[in-house]
Amino acid sequence: MVFAGHVSTIALAAVSVENSVIAGFSFGIMLGMGSALETLCGQAFGAGKLSMLGVYLQRSWVILNVTALILTLLYIFAAPILASIGQTPAISSAAGLFSIYMIPQIFAYAVNFPTAKFLQSQSKIMVMAAISAAALALHVPITWFVMEKLKWGMAGLAVVLNASWWFIDVAQLVYIFSGTCGEAWSGLSWEAFHNLWGFVRLSLASAVMLCLEVWYFMAIILFAGYLKNAEVSVAALSICMNILGWTAMVAIGMNTAVSVRVSNELGANHPRTAKFSLVVAVITSTLIGVIVSTVLLIFRNQYPSLFVGDEEVIILVKELTPILAVSIVINNVQPVLSGVAVGAGWQAVVAYVNIACYYLFGIPFGLLLGYKLDFGGIWCGMLTGTVVQTIVLTWMICKTNWAKEVKLNSIGKSLYFCF
């Protein structure tokens with residue numbers, strides 16, 4: 001995003017729309033379906049059923065690669081799709097071309113998301129962190145070289161980004177196939193193709209829950225494309241969403257950690273430890289969000305110029321920084337609560353909560369405010385939907401009888417989906 005912003009404003013808008021609408025749509029589906037492993041592998045690991053983890057991983061690979069094949073149609077026809085939903089011709093054309101370049105990414109998702117959940121359920125986090133750090137260390141200088149020296153433009157961005165995704169995938173697969181996961185990985189098995197429908201059901205429930213969250217925030221960029229001076233609006237908002245995405249990595253990390261801990265402890269029949277893990281994650285993530293928001297407010301006059309040289313965009317980003325700061329704090333709490341839902345197997349229930357809070361309340365309220373306050377109003381209104389969802393999830397968790405939840409989410413119930 002940083003390098004795209006220094007190519008041109010239209011390049012930044014195009015990459016942002018592709019990343020938010022096309023890749024964001026696919027990301028939500030793929031990550032959501034892969035998140036079924038958080039429940040299944042987490043509870044199986046906690047219950048000591050290690051041999052099932054490798055089977056679950058392979059079933060998820062099969063399902064997600066078939067899904068990726070279907071989603072390639074979205075990438076191929078991105079330009080007319082974006083034009084049909086009201087994006088400007090310039091943004092639609094550029095984003096459509098960039099989408100075609102990014103087709104390899106969707107298959108990288110299909111490998112990466114299940115593999116990550118498989119390793120996370122066993123708390124093999126440092127291996128994943130080391131691989132990602134190596135990818136980042138290569139990604140930044142190579143991107144600089146391709147963009148600044150070779151002048152490859154948006155095609156260069158796509159080449160490097162796809163290569164970085166696949167570097168991570170290959171490294172994780174080498175680690176798993178090397179036998180370091182012990183009983184959890186006993187090699188490829190035809191059992192992965194048995195009784196796939198039960199696994200698909202849980203995967204779809206997970207996908208619906210997560211997609212409703214991911215698409216909700218991606219929709220802000222889409223709505224900005226309908227406003228006057230759309231290129232500037234989309235560019236400014238994409239910078240804010242990129243920063244929100246950076247800070248969300250902390251919340252997503254907490255989401256994963258609490259999901260693994262809750263599922264492991266429920267599988268091991270430790271309800272009090274599961275509840276304690278939740279409390280620690282919420283407090284820690286909230287404090288980090290407050291610190292980051294404070295730093296952004298202090299440096300609101302300096303940081304926008306790192307992304308883009310357009311003065312009009314820079315001014316708009318400065319004006320949006322207070323809303324961004326509030327969003328960071330709220331979005332550092334909500335993912336942690338969603339992580340508890342995944343760990344406990346509440347995906348279907350949370351999907352209904354997301355529909356009500358986000359789509360029946362948040363988006364209409366945001367669009368209503370948008371008529372009065374431009375897209376700052378859209379953001380504020382949709383943020384209110386997130387607040388309502390957070391309150392509902394908090395109430396659900398506070399009312400939960402964790403001892404009873406251990407029985408309801410026993411490994412036997414989870415295995416029902418797969419046999």
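H2 passes H7 in a right-handed crossing, meaning the near helix is turned clockwise from the far one by less than a right angle. This is a predicted model, where local features need pLDDT of at least 70, side-chain atom pairs count only at pLDDT 80 or more, and totals for chains, interfaces and linings use all residues. Numbering starts from 1 along each chain as its sequence is written, and side-chain values use heavy atoms, with hydrogens and water left out.

**How H2 and H7 pack**
- H2 covers residues 9-34 and H7 residues 103-121, and they pack at about 30° with axes 9 Å apart (axes are lines fitted to C-alpha atoms over the stretch in contact, and angles run from 0 to 180 degrees between N-to-C directions).
- That makes H2 roughly parallel to H7, a label for angles under 35 degrees.
- On the H2 side, Ala23, Ser26, Phe27, Met30, Leu31 and Gly34 meet Gln105, Ile106, Tyr109, Ala110, Phe113 and Lys117 of H7, with contact meaning heavy atoms within 4.5 Å.
- By class, this contact has eight nonpolar, three polar and one charged residues.

**H2 itself**
- At glycine 24, H2 bends by about 45°, the angle between axes fitted to the seven residues ending there and the seven starting there.
- H2 is largely enclosed by the rest of the structure, because 22 of its 26 residues are buried (under 20% relative accessible area, 1.4 Å probe, protein chains only).

**Glutamine 172**
- Glutamine 172 sits in helix H9, residues 153-177.
- Its relative accessible area is 3%, so glutamine 172 is buried.
- Leaving out residues up to four places away in sequence, glutamine 172 touches Asn112, Thr115, Ala116, Leu119, Met128 and Ile131.

Note on methods. Helices (H or I, at least four residues) and strands (E, at least two) are DSSP runs, numbered from the N terminus. Angles under 35 degrees count as roughly parallel, over 145 as roughly antiparallel, 65 to 115 as roughly perpendicular and the rest as oblique. Ala, Val, Leu, Ile, Met, Phe, Trp, Tyr, Cys and Pro count as nonpolar, Asp, Glu, Lys and Arg as charged, and the others, Gly among them, as polar. Buried means under 20% relative accessible area, exposed over 50%, partly exposed in between (1.4 Å probe, protein chains only).
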